[in-house]
Every structure is written in C-alpha cells, then in structure tokens.
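Okay, thanks for coming, everyone. Let me put it up.

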Amino acid sequence: MAETPPPTASSEAMDTRADAPALRVLQGIFGLLAAAFSIAVLALGRDLIVPLVLAVLLAFVLAPVVVVLQRLRVPQVLGVVAAVLLAAAAILGLGVVMGRQAGSLAADLPAYQQTMAAKLQSLRLGELMEEADSALRNLRQMMGDGIARRAAPGAAEMPPPATTAPSTDGATPLDVIRSLAGPVLAPLATAGIVILFAIFVLIYREDLRDRLIRLAGSSDLHRTTVALDDAARRLSRFFLAQVALNSLMGLTIGLALWMIGLPGPALWGILAGLMRFVPFIGTFIALVPPLLLAVAVDPGWSMALWVLLLFLVAEPLMAQVLEPAVYGHSTGLSPVSVILAATAWTFLWGPIGLLLATPLTVCLVVLGRHVPSLGFLDVMLGDRPPLQAHESFYQRALQRDARELARQAQRQLRERGSLAGYYDAVGLPALALADQDWSREVLSPERMEDVRGEVAALVGSLGKAPPPGPVQLVCAAGRGPLDDLAASMAVQALGAEGLRATILPAEAAPPEEASGAWLCCLSVLEAGNSADGIRYLIRRLQRQMPQARIVVGLWQAEAASPLLAELRADATGETIVTSLGELVALSRARPVAGI
C-alpha cells in the first residue's frame, strides 16, 4: 500500500486560507454571543451594577479634589473619606430640599387646580374637554351595548365581583416591620454601597490602574501608562466641570424662579441641574413642570412667559458660551451615538440609565481611543470622522458625488490655508489610494473612469488663471493612469504660489512656450510606476529639455518606500520630492532666469 506523502508548506497555507472564512464566521458568532451576554448581565444585574457605576463616576468627579487635598499634605485616607462624605452630605441635602418643596407644592395643588380650571374656561377649553369626555362616555356605552347584544342568549348575567380591601388580619409584627422598612432600607443600602465603593476606588486607584494596564497591554508599559493616566485625568476634569456647570445652571434657574415668584424654586432648580445630564431633551423636560405650575399659579400669563424666556436664554448661554470655554465644544460623542446611548441605557436601567447615558458613553469612547483592542468603540460612538479626509475624497469620487467633493474641498482649503497644502493632505493621497486599487486590480475600468472624471472636474473648478509671464516650470505626467491628474494638481499649486507652470502629457513633446523653463518635474505615483520606467522618462525629458533641471515628484512615497530607495541609489542622482510643498520650496529657491 502506497504511503501518504507528508503535507507540504504550500498545502498547509492553502488549508489555512480555506479555513479563514469559517474562522471569521465563528468569530462573528462569538462576538454576537458576547454582546448578548453582556446586555443580559447589565439588565439582570442592575441592582448591583448601578451602585458600582455610580461609585466609579463619583470617584472620577472627586479625584481632582482628593489630589488637591494630598498636595495640602492631608493624609490620603482622611482626604478620600472627607471628600466622599462631603459629597454624600451634599447629595442628601439636595434630596431633603426636593422632598420638602414637593410636599409643600402637594398641599397647595387644590388651589392651583382652580386657577387652571378658570384659565381653561376663559379659553373655552373647558367646554371642549367636557364635550370630548361626553363623547368618550357615549362611545363606551355604545361598545358595551354591542357586546351585550352579541352575548349568547340565555346566558346568565354574572354580578360584578365585589371589591374587597386586602385584609391585614393575621400579619405578624415582623411582616409589618418588613413592609414599612423595605422602601426605606433599600435606598439607604444603595447609598451605602456607593459611598463605600467610591472610597475604595479612590484609595486604591493606582492599583486599579495597574490592573487595567495589564489587561490593556503590558507589552508597552510606557505608552499604555501615559495613555490611561491622560484618559483618567481628562475624564475627571470633564466630569467635575460638568457637575460644576450643571450645578451653576440649577442655582441660576432656582434664584431666577424665586425672583419671579414661582412656588418651589429650589425643586425646579435642582431638577434643571439634574436634567442637563440628559442630552438634547433634558432642559426641555425640566422646563415642563415649572411652566405648567406658572400657568396654574398666576391668574395671568406673565409668569409663564418669564419662565419660558428664562429657560430659552439660560440653555443656549450655557451650551454655546460657558461649556466651550470650560471643557471644549464637544463631549467627544457623535449626536447619533448620544441618542442611541440614551435609548439603550434607559432601556436597561430606566431613568437612572438616562442620567448616566452620557458619562458612561464618554468613558467607553475614551477607552476606545487609548486601548487598541477597544478601538471599535471610538469608531462607533466618537465624534471623530470615520474616514480620513483623503479616504472620504476617494469614496466621494467613487460615488460620483461632485457636490460633496466640492463642499469638502472648500472646507479643507480653509483649514489648510493653501492649495498645495490641500493637495498634499487630501488630493494626492486620494489619487494614491485609487492608484493602489488599480494596481491590485480591484478597481474596474468603469470605476476608474468615474474617479478620473470627478477628480478632473474638481481640479478644473479649483483652477485659476495662470500668472502672467513666460513659463518657468513644466510638470510632466508619467505613464500611470492618474499621473496626469497629479501633474495638474502640481501645476495649480505652483500657480497659486505665483509660479507660472504648464503640464506636459505623457509621451508628448514639450510645447514651444516651455522652451525657457528652467525646471521640469516628472509627476508620478508610486503604485503605477517602476524604477526602470521612471529612469526612461528622465532620460527622455533630459533629451527634450536640456536647459531644464529634472526633478522627480514621487508623490506620497513613504520614507521606507523601496521605489524611493532604488531611485535615490541611482547614479544620476536627480532631486526627488514627495510633496507639493517641497516642490514649491524648490521652485522658489532657484532664479527665474535659469540655472
């Protein structure tokens, strides 16, 4: 019997490639299972996880305070305990104030209801409400009659079940104590867990940081340590600033409502401060109760208008002036991710999840930016553009979205400040991407024509009349499919700097107007050219333009590029530039009259 030959390296590689799709499918399945398991744990473990999350966020808020106390030579444990207890006392005090204010308002509600009824009657809304109620009663009666007529004939009418109050006979004293103490002890237990865990997080924060470093990547301790320390510092400052600004908002609203004369101003001020943690709609939620109360309290409408004006002025002032001045223009979250996060956390944890949605999502985005394995969180939730500018340029060109290409170009030109800077940062890298896809045969000829047409139209729209005078520079296109567009960008960039240049198509003879040019740049992209082909074009240009200095523009070539290294090792030693900025600087360094 013939022996089976041993597997070779090529057969093992083929088996590995064959198993790759199955491995990707398994990884996807495991990822979905892990996500489902995490969601289930967050939902089912709400009673335990929420206090821990609150404690961690409280620790982030109090960390700068603890650092200041340590600088004042206060012992670490004493400073941590003092900071946490003071924060807990402040939160408890706010709760007591809200409870008292709410109780006072509840006692005055009958009088407010009479004022509201009088206003509705004056607006003739009372009659409309009575008519709507009468119509609903008639509809219910008609539906009841129809159901009775459809009932089986001869069916015995069952009398309505008698409602009996639950009996407390037979309840033991322990049951009574449990029923009374349960609603009180549960919040106290939660508060105790939050305080205790916050104290331990602040005391052992360096040990927790080291453990997170080990999980994130201990192979590069310096980078991971610096990244996590920076992330923790930024989060602490952001959360502390957010608490301070929201407290300022609540204090301002409370004092203004007190001056207006609205009952319970402290309650509505605290509510306004808390609701500012809810993105987008928090302030509007906080506006509704005091606005309705103002309508009910004041026989006229002036108080309601003042309350509405107060919120409409305070929120834009806080969001557009104070917040950008304190911690920047953005939380680092995209608007869509804020809405999705608020919906998800509210679904998992209810109202407390709505309040914690933005802080929790900010923590996830910061982890995604500093921990490579969690980078997908930054892509999904962060406000950074998902595509870089040149990638977006290439994608818009593939989609033939000329309007968005032009809009992006105008925005980037304002940021870059010059046409050469825009082409170096966006235009040429986008052409390099297309050239690489064409070399790898993943870009069809039809799509290549689409890209060429859109880029040519954009370059033409950005072009200006060349400066007067003789042609000083020539940009010769290589043989690559996009080299002529790169040469057009170079001509425009030179013209924008006051240097008159003209383009020389591939394999074409120099025009008569270029006879006095003292510099010729061979414009090529790396993927579509070879060292031998570039040397041939250099020799050809040297024969055609002996009076000109030949420069090779190998656009977007990296420092470790093999093609760049091979050209630099050539004995002819032509100058090689890799950006339009270098070409502009080289062109300005030579006299216009020639070499």
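Let's start with the second largest pocket: its lining divides into 35 nonpolar, nine polar and two charged residues. For the classes, Ala, Val, Leu, Ile, Met, Phe, Trp, Tyr, Cys and Pro count as nonpolar, Asp, Glu, Lys and Arg as charged, and the others, Gly among them, as polar. In total 46 residues line this pocket, and Ala87, Ile91, Leu92, Leu94 and Leu274 lie nearest its centre. The space in there is about 1,800 Å³.

Quick housekeeping. This is a predicted model, where local features need pLDDT of at least 70 and side-chain atom pairs count only at pLDDT 80 or more, while totals for chains, interfaces and linings use all residues. Residues are numbered from 1 along each chain as its sequence is written, and side-chain values use heavy atoms, with hydrogens and water left out.

And what's a pocket here? On a 1 Å grid over the protein atoms alone, a pocket is an open set of points with protein on both sides within 12 Å along at least five of seven lines; a cavity is a set where a 1.4 Å probe fits but cannot get out, and lining residues have an atom within 4 Å of a point. Points are joined across faces, edges and corners, and a volume is the space filled by probe spheres set on them.

Now the largest pocket, with about 2,100 Å³ of space. It has 50 lining residues, and Val56, Phe60, Leu235, Cys363 and Leu367 are the closest to its centre. Helix 2 gives the largest share of that lining, ten residues. Helices here are DSSP runs (H or I, at least four residues), strands are too (E, at least two), and both are numbered from the N terminus. By class, this lining has 38 nonpolar, five polar and seven charged residues.

What about cavities? Helix 20 supplies the largest share of its lining, four residues.

Last, the helix pair. The axes of helix 9 and helix 10 come within 7 Å and cross at roughly 165°; axes are lines fitted to C-alpha atoms over the stretch in contact (heavy atoms within 4.5 Å), with angles from 0 to 180 degrees between N-to-C directions. So helix 9 is roughly antiparallel to helix 10, a label for angles over 145 degrees. Their contact has nine nonpolar, two polar and no charged residues.

Conventions: Angles under 35 degrees count as roughly parallel, over 145 as roughly antiparallel, 65 to 115 as roughly perpendicular and the rest as oblique.
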